[in-house]
Amino acid sequence: MAKLPRIKKRLLQGAIHANVELIAGRPPRAAMPRRAFFRTALRTAPLLLSLGAVSASSLLIANVTREAAPDPGVALRAGSRLGGAATDAASAPEMFSAPAGIDPRVFPLGIRRVIVDPGHGGVAVGTVTGKLRESHLTLDIAWRLRQKLTAAGFEVAMTRERDEDVELADRVDFANRNQGDVFVSIHVNWLETRAVRGVETYYLGATDDPYLTELASVENRDSGYSLTDFRRLLDGLYGGVRQKQSRQLAESVQRSIHRTLAKTIPKIQDRGVKTAPFVVLIGTDMPAILAEVSCLSNREDAEQLERPEHRQAIADALFLGIQNYSESLAAPSGSGPARRTPLVTAKGS
Amino acid sequence: MSKTPPLHVGIDLGTSRSSISASNGARHVVQSYVGWPVDMVARKILKRDVLIGDDALENRPMLDLHRPLERGLIKEGSEKDELAVRELLKHLLALASGNGEGDGEGGYEHVRAVVGVPAAALRVSRQNLRQAMEGLVGNLMIVSEPFAVAYGLEALLHTLVIDMGAGTTDFCVMNGRYPTEDDQRTLTTAGDSVDDLLYNAMRERYPEAAFSKHMVRAWKEEHSFVGEPKAPVRVEVPVKGKPTQIDITRELRAACESVIPPITETMIDLISRVEPEYQSKVRNHVILTGGTGLIGGLGAALEAALKEIGGGKVKVLRDPIFIGSDGGLAIASDAPDSDWEKLGV
C-alpha cells in the first residue's frame with residue numbers, strides 16, 4: 001500500500017498538533033468555539049436575513065440587542081460542574097465576538113406549539129410518598145395541562161403519554177424534532193426539610209448551590225447521553241440566545257403557580273426562579289423551563305396532591321403562566337405564524 | 001539533555017489492566033490496582049511501601065487499595081488516586097526499562113511515551129494525565145485509544161475500530177486523517193457495566209450465596225457469551241459456608257447481551273456519518289478489540305446488526321492485551337525527533 005507512509009505521516013502530524021495545542025492550553029479542534037459560533041450563526045441566519053428584509057421596508061427594527069447574548073461566565077461555571085468542555089470553550093482566546101441575541105419582540109409571533117414533559121416515568125418513578133409517585137402525578141398534571149392548552153388553541157406535544165421510562169436524551173430529541181416554541185418540564189419536589197411547602201421554577205444556567213447541584217445530578221442520571229454527546233450539549237450553551245426567554249417564561253410560570261396555590265395554601269413558599277444545569281434544559285433548542293410544582297416531602301402537600309382538584313389547580317396555573325408569557329410576546333391577533341411542521345409522535349411510535 | 005538514547009514506549013492505561021510496550025522489546029501488563037499498607041504492622045509484613053497489580057490484589061486485606069482509573073481516566077477529586085496513577089506509571093516504566101525498582105522521580109528522562117486515553121476524554125482529563133506524568137518521562141504524547149489501536153494495525157483507511165475495555169467502549173472511524181471529535185464516540189457501556197448487571201442479577205437470584213465483584217469479573221471473563229449458550233454455565237460459590245454449584249447461564253447471558261443495543265446503535269450511527277461512497281468499505285472493515293470485545297458471539301451479533309444496513313464484517317482481535325500499547329509504541333517510534341522535542345513534560 002504505497003499510500004500508507006503518506007497517511008501515517010499525516011496522522012502523526014495531526015497527533016502532534018493536537019498535543020501541542022493541549023500543552024498550549026488551547027481546546028481541541030472540534031471543541032473550538034468557532035464551531036459553536038458558526039452553528040449559532042447558521043441558526044440565526046434566517047432571522048438576520050428577515051431583519052434585512054424588514055429594514056429594507058423601512059420598518060423599525062432597532063430591537064436587535066446584545067442583551068440575550070450568552071454570558072460566557074454561565075458557560076464557565078457550568079463547565080466547572082459538568083465537565084471541562086464548556087470551560088475549554090469559555091477560556092479560549094476571544095477570537096469571535098459573542099453572537100448578538102435577537103429580541104423576539106422583533107417578530108411578534110407569540111407561541112403556538114408547547115412541548116409538555118411529564119417528569120420521570122416507568123421504572124424511574126421519581127420521588128415517592130406512600131402510594132404517591134412523582135411519575136404518576138406529573139403525567140396526570142401534564143394531561144390536564146394539555147387539555148387546557150389545546151382548548152385555548154395551542155398545539156401540544158407530550159414527551160410521554162403513558163407511564164413509561166423515557167430517557168432524557170429522547171425527551172430532548174422529541175422536543176427538538178417537534179420544533180416546539182416552548183418546553184415545560186413538570187416535576188414534584190422533595191426537600192430535606194419536610195416542613196417546607198413551596199414551588200420553584202428553573203431555567204438553564206449554572207449553580208453554586210450544593211443542593212441544586214445534587215438535584216441536577218439526580219435528575220440528569222441515566223440521561224442516555226454519551227460523554228461525547230454531553231460535550232456537544234455543553235457546546236450548545238454558547239448558542240444561548242434563548243436563555244433570556246427561558247427566564248421570562250420561568251418567571252411567568254412561577255408567579256402564576258405561586259399566586260394560584262397561595263389561595264388555598266397560604267403557607268406555601270415562593271422559592272423563586274432559579275438556574276440549574278438540567279439536561280432537558282441544556283439540550284432543548286427552545287425556551288425551556290422545569291417547574292417543581294409541589295413538595296412530595298411535605299405531608300400536607302402530599303395529601304393535597306391526592307386530590308384531583310389540586311392537580312387541576314396546578315395545571316391551570318401552569319397554563320396561565322404559559323399563556324401570559326405568550327401574550328407578553330405581544331402577538332397581535334390573527335398574526336400567528338404559518339402552520340408549523342406536523343407533530344412527531346411520541347417516543348417509540 | 002540526556003545522553004541516553006531514547007526509549008520509546010506505548011502505554012495503554014486501562015481501568016482494569018494497563019500494559020506497556022517498549023522499543024527495547026519489553027512488554028508487560030499489570031492489573032490497574034495500587035495499594036498502600038494500612039498500618040505499620042501491614043508495612044512490616046509486606047516489607048514494601050506500595051504494592052501494584054496482582055501483588056496488590058492478593059494482599060488487599062492489608063492494603064488501602066485503589067483502582068485509580070475510572071472510565072480509563074484518573075478519578076477526579078482524589079489525591080490518593082492521582083498518586084496511585086503515578087505509582088502505576090512508575091511501575092510500568094520500571095518494568096519496561098528493565099529496572100525493577102524504578103529510578104524514582106526524574107529517572108526516565110530518556111523515555112518518550114505515547115499514552116492512550118478514551119476517545120472522548122476531555123481536555124481537562126488529558127491535562128491531568130500530563131501532570132501525573134510530570135518528571136516521570138521526558139516527552140509525552142496523548143492519543144485516543146482506538147486511534148492507537150488502528151495505527152498499530154495499520155488500519156488507517158475506511159475502518160471502524162471498536163475498543164471495548166472495562167470502563168469505556170471507544171469507537172473511532174479511521175478515514176486517513178487524525179480523527180476529530182466527530183469521528184469518535186465513547187460509551188460507558190463496557191466490561192464494568194456487565195459486571196454490575198451480573199452481580200446484581202446473581203444477588204437477586206442467589207441471596208444466600210457469598211461472592212464478590214472480583215469473582216463475578218473472573219466468571220465473566222471465563223464464560224461470557226451472547227446468543228444461545230453452548231453449555232450451562234455453573235460456578236462454585238459458598239452458600240452458608242458450604243461450597244455449592246450454582247447456574248448463572250441466564251444471568252450471564254442477559255448481562256452480556258445488555259451491551260449489544262448501545263454498541264450497535266453507535267456503530268451504525270458512526271457508519272451512517274461516513275461519506276456515502278465509503279460506507280460499504282467501513283461496514284466491511286469493523287475491528288472489535290479490547291477485553292470485553294472477547295464476549296463469545298459478540299462479533300457475530302454486531303455482524304447481524306450490520307445486515308440492517310447492507311451487511312458487513314466484524315473482525316474480533318483474539319489477543320487484545322497489547323494491541324493498544326503496541327499501537328502507542330508504533331506511534332512513538334514513527335514520530336520524528338523534531339516533533340518529540342515539542343512534547344516535553
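**Figure 1. The loop that holds B:Lys240 in the predicted model.** B:Lys240 sits in the loop between strand 14 (234–239) and strand 15 (242–247) of chain B. This model is predicted. The phi angle of B:Lys240 is positive, about 50 degrees, although the residue is not a glycine. With a relative accessible area of 71%, B:Lys240 is exposed.

**Figure 2. A positive phi angle at A:Gln179 of chain A.** Phi of A:Gln179 is near 50 degrees, which is a positive value in a residue other than glycine. Is A:Gln179 buried, partly exposed or exposed? A:Gln179 is partly exposed, because its relative accessible area of 37% falls between the limits of 20% for buried and 50% for exposed.

**Figure 3. The open sheet of chain B, with 5 strands.** The strands follow the order 13-12-11-16-17, and their pairing is mixed. At the edges are strand 13 (184–187) and strand 17 (314–316) of chain B, each of which pairs on one side only. On average, neighbouring strands of this sheet are turned by 15 degrees against each other, direction ignored. Helix 5 (residues 145–153) of chain B packs on the sheet. Helix 5 touches strand 11 (157–164), strand 12 (169–175), strand 13 and strand 16 of chain B. The direction of helix 5 makes about 50 degrees with that of strand 12 of chain B. Strand 16 (residues 286–289) of chain B pairs with strand 17 of chain B in the parallel sense, over 3 bridges. Within this pair, B:Leu288 stands opposite B:Val316 of strand 17.

**Figure 4. The second largest pocket and its lining in chain B.** The space in the second largest pocket comes to about 630 Å³. How many residues line the second largest pocket? The lining has 36 residues, and those nearest the centre of the pocket are B:Arg17, B:Met164, B:Gly165, B:Gly290 and B:Gly291. By class, 10 of the lining residues are nonpolar, 15 are polar and 11 are charged. At least two lining residues come from each of strand 2 (17–22), helix 5, strand 11, helix 6 (191–205), helix 7 (213–223) and helix 12 (323–334) of chain B.

**Figure 5. B:Gly291 and its contacts.** B:Gly291 lies in the loop between strand 16 and helix 11 (298–306) of chain B. Leaving aside neighbours within four places in sequence, B:Gly291 is in contact with B:Met164 and B:Pro320. B:Gly291 and B:Met164 are 127 residues apart along the chain, and their C-alpha atoms are separated by 6.4 Å. Both B:Gly291 and B:Met164 are among the residues that lie nearest the centre of the second largest pocket.

**Figure 6. Strand 8 of chain A and its two pairings.** Chain A has 12 helices and 8 strands, and 51% of its 349 residues count as buried. Of the contacts in chain A with a separation of 6 or more, 84% are between residues 24 or more positions apart. Strand 8 (residues 288–295) of chain A is mostly covered, with 8 of its 8 residues buried. Strands of a sheet pair through backbone hydrogen bonds, either parallel or antiparallel. Strand 5 of chain A pairs with strand 8 in the parallel sense over 6 bridges, whereas strand 6 (residues 198–204) of chain A pairs with strand 8 in the antiparallel sense over 3 bridges. A:Ala291 of strand 8 stands opposite A:Ile186 and is also the bridge partner of A:Thr201.

**Figure 7. Strand 4 of chain A, paired with strand 1.** Strand 1 and strand 4 of chain A run parallel and are joined by 4 bridges. A:Met158 in strand 4 is the bridge partner of A:Val116. In a regular strand the side chains alternate between the two faces of the sheet. From strand 4 (residues 155–158), A:Glu155 and A:Ala157 point one way, and A:Val156 and A:Met158 point the other way. All of these residues are buried.

**Figure 8. A:Thr127 and the residues around it.** A:Thr127 lies in the loop between strand 1 (113–118) and strand 2 (128–129) of chain A. Is A:Thr127 buried or exposed? A:Thr127 is buried, because its relative accessible area of 17% is under the 20% limit. Not counting residues up to four places away in sequence, A:Thr127 touches A:Leu132, A:Arg133, A:Glu134, A:Val188, A:Asn189, A:Trp190 and A:Leu296.

Definitions and conventions
Residues numbered from 1 in each chain as written. Chains lettered and ligands numbered in written order. Predicted model: local features only at pLDDT ≥ 70, side-chain atom pairs only at ≥ 80, totals over all residues. Heavy atoms only, no water. Pairing = 2+ DSSP bridges. Axes fitted to C-alpha atoms, helices over the stretch in contact; angles between N-to-C directions. Contact = heavy atoms within 4.5 Å. 1 Å grid on protein atoms, 1.4 Å probe; cavity = no way out; pocket = protein on both sides within 12 Å on 5 of 7 lines; lining within 4 Å. Points joined across faces, edges and corners; volume = space filled by probe spheres on them. Nonpolar A, V, L, I, M, F, W, Y, C, P; charged D, E, K, R; others polar. Buried < 20%, exposed > 50% of the residue type's maximum accessible area, 1.4 Å probe, protein only.
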